[in-house]
Amino acid sequence: MAADSDHYRPGETPEDGLAALDARVRRDLTVIDYPRHDWTPRLTRDGEPVLDVAIIGAGQGGLATAFALKRGNIANVRIFDRASRGGEGPWVTFARMITLRTPKYVTGPDLGIPNLTPRAWYEARYGAGAWEKLDKIPRGDWQAYLDWYRAVLDLPVENDRSFEHVAWEDGLLRLTFRDAEGREYRYLARKLVLATGIDGGGRWHVPDFIRQALPRAQYAHTSEPIDFAALRGKRIGVLGAGASAFDNAATALEEGVASVALCLRRRVIPSINPYRWMENAGFLAHFSALSDTLRWRFMRHIYELNQPPPQDTFWRCRRHPTFSYHTGCGWTGARMEGDEIVVQTPDGEMRFDFVIIGTGFAVDMALRPEIASFAGSVALWRDRFTPPEGEDSAVLAAHPYLGESYQFLPRDAADPLAPMLANIHNFTFSATPSMGLSGASISGMRFGVERLARGLGRDLFVADGAWHLDQLLNYITPELVSLDPPDA
């Protein structure tokens, strides 16, 4: 996008605008910098430093959490991400929408600081006039905003660190990582935040009848890299009713495939987006305080509605005459016949050259290698809540049942891993039934991050209460330094 030159001073460039914004952000942070010193003790064990908080994931949720902790003067924090710099999160990897789905005026990572908002960044980069004309924020710009956010706040991220394992070592968390070269890295931490996104509580789901019947080169999940250029001229089948299924269908059509047939089990394409209703401060800030029954009923309805494709995404597909959609047409089987994929549906067989699976994700912590070792100890909703008759949901029941600061709770209070679970905080999408929209959602990020950061700070202070008392008892810095009359 070109800069809106009508809204810059003569000779000013977008780079000048961003430099000026950087200065305003730093001034804002200086103005509100109170108290002005870190307060957690710097611990070591056998000479090895101990992090107060380790955050897994340098996407929007992980970055915002680190900033919230910094605002609370908790500086002994590090963020780890398996991606190289600039490739964190979905925005420049597998997200294939043109713009975000949230309204452009959404806030979140800024934590209430106006010069840190997406709007402030966008106006500094493109001009105020461009913001006024903007409908929704392009996803590439959202990644650029997050990159700027990380840089201007000087957040401590280590890239190329794939999280592999966590263990409990005498009251501390032992974290193991590996880089792309296979080298191992080990850290100790008091607190662990999992900010690993949509699939952080399980994995992306591909139906068994696809995985077991088709060669791996013949299908891809919407969350995976797809060489769309290699699909030109081919017949593509897409399975799914959600926005990502339509995003991938549109991308394939734009890259010149012969045709796309999008199939969904539902009789009607979803049209109501519950996320727009959820974007009110009462729900975003206080949902987690509701009773289990109310939370269950809210989420059961929300999950059943799902998110529809936005209107512009649907039109992005429909403008292509080679696009078709088929409702009430869930796939029931698949096989290969020569080079063709044959899919069984209630309406008969369909034939494709390649299929894209947009069936979302499965919540099952045992499927996540880095947390599988303790998954069996975590309380799930089915362990803590029995829904009223006729209101069952196997999907909701599989989600972790979390404490008030996103911490895992033990299935059995006597479990030896219970103390470890209390120090692992789940800021992934799987927190939604317990906490509402949070780390993996832009809409609820600010409210979730603030709750999480307060909980982390509270736990650290309480754990060190005796140490803090000792610091007070040994505090001898005088404020009254003279009993003499002041100089004339």
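The structure is a predicted model, in which local features need pLDDT of at least 70 and side-chain atom pairs count only at pLDDT 80 or more, while totals for chains, interfaces and linings use all residues. Residues are numbered from 1 along each chain as its sequence is written, and side-chain values use heavy atoms, with hydrogens and water left out.

**The two domains**

The chain is divided into domain 1 (15–201 + 363–467) and domain 2 (206–271 + 308–359), with bounds that come from an automatic or database domain assignment. Their C-alpha centres lie 33 Å apart, and seven residues of domain 1 are in contact with 15 residues of domain 2, where contact means heavy atoms within 4.5 Å.

The size of an interface is often given as the accessible area lost when the parts come together. Here the two domains bury about 760 Å² between them, 43% of it on carbon and sulfur atoms; this buried area is the accessible area (1.4 Å probe) lost on being put together, summed over both parts. On the side of domain 1, Phe94, Arg96 and Arg101 lose the most area to domain 2, together 76% of what that side buries.

The count between the domains is one salt bridge, defined as a side-chain nitrogen of Lys or Arg within 4 Å of a carboxyl oxygen of Asp or Glu. The side chains of arginine 101 and aspartate 247 meet in a salt bridge at 2.2 Å, N to O.

**The cysteines**

A search of the whole structure finds zero disulfides, a disulfide being a pair of cysteine sulfur atoms within 2.5 Å.

| Residue | Relative accessible area |
|---|---|
| Cysteine 263 | 0%, buried |
| Cysteine 329 | 1%, buried |

Technical notes. Buried means under 20% relative accessible area, exposed over 50%, partly exposed in between (1.4 Å probe, protein chains only).
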